[in-house]
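Dear colleague,

My notes on it follow directly after.

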Amino acid sequence: MAITEFLAVSDITSAISACKAEDSFSAKMFFNTVGLTKKSPREIEKVFKILDQDKSGYIEQDELQLFLQNFREGARPLTAAETRAFLLEGDSDGDGKIGWEGWSNRRY
């Protein structure tokens, strides 16, 4: 399953371009630009499952660091600061990872 089955390539390109510089990533801005905020919960869950590379049911720190690369090959990794901020934003129970519940309840 490819992420482009749910999101337009042009939107992905715009979102990746907007955060090319280190420490410029904002989850809220990124999700809005790629159109994820307009998707149904079912579509969002499918995107979550793509991002959950190890299929553990959670998106862990190492998966978050490579977050942008799920949207476009060759995209930069998130910096340590961006990864921490993203994790804090989505980790609803403080366990150091983002589960589907935390992800689906976020209103980016």
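In which helix does Glu-82 lie? Glu-82 belongs to helix H5, residues 80-90; helices are DSSP runs of H or I of at least four residues, numbered from the N terminus.

This is a predicted model, in which local features need pLDDT of at least 70, side-chain atom pairs count only at pLDDT 80 or more, and totals for chains, interfaces and linings use all residues. Residues are numbered from 1 along each chain as its sequence is written, and side-chain values use heavy atoms, with hydrogens and water left out.

Glu-82 and its surroundings

Glu-82 counts as buried because its relative accessibility is 5% (buried is under 20% relative accessible area, exposed over 50%, partly exposed in between, with a 1.4 Å probe and protein chains only). Its side chain reaches the backbone nitrogen of Phe-25 at 2.8 Å. Leaving aside neighbours within four places in sequence, Glu-82 is in contact (heavy atoms within 4.5 Å) with Ala-21, Glu-22, Asp-23, Ser-24, Phe-25 and Arg-76.

Aromatic pairs

The structure holds eleven aromatic pairs. Rings of Phe, Tyr and Trp (its six-membered ring) pair if their centres lie within 6.5 Å; planes under 30 degrees apart count as stacked, over 60 as edge-to-face and the rest as tilted. One of the pairs is Phe-25 with Phe-67, edge-to-face at 5.6 Å centre to centre and 65° between the planes. This pair links distant parts of the chain, 42 residues apart: Phe-25 is in the loop between helix H1 (9-18) and helix H2 (27-34), and Phe-67 in the loop between helix H4 (61-65) and H5. Phe-25 is buried, with a relative accessible area of 12%, and Phe-67 is buried at 1%.

Phe-48 and Trp-100 also form an edge-to-face pair, 5.6 Å centre to centre with 65° between the planes. Phe-48 lies in helix H3 (residues 41-51) and Trp-100 in helix H6 (residues 100-105), 52 residues apart. Phe-48 counts as buried at 3% relative accessibility, whereas Trp-100 counts as partly exposed at 21%.

Ring pairs also link Phe-25, Phe-30, Phe-31, Phe-67, Phe-71 and Phe-86 into a cluster.

The nonpolar core

A nonpolar core is a set of buried Ala, Val, Leu, Ile, Met, Phe, Trp, Tyr and Cys residues joined through side-chain atoms within 4.5 Å. The largest one has 28 residues, of which Phe-25, Phe-30, Phe-67, Leu-68 and Phe-71 touch the most other members. H1, H2, H3 and H5 each supply at least two residues of this core, and its largest share, five residues, comes from H3.

Conventions. Polar contact = N/O pair within 3.5 Å; in protein donor to acceptor, adjacent residues only side chain to side chain.
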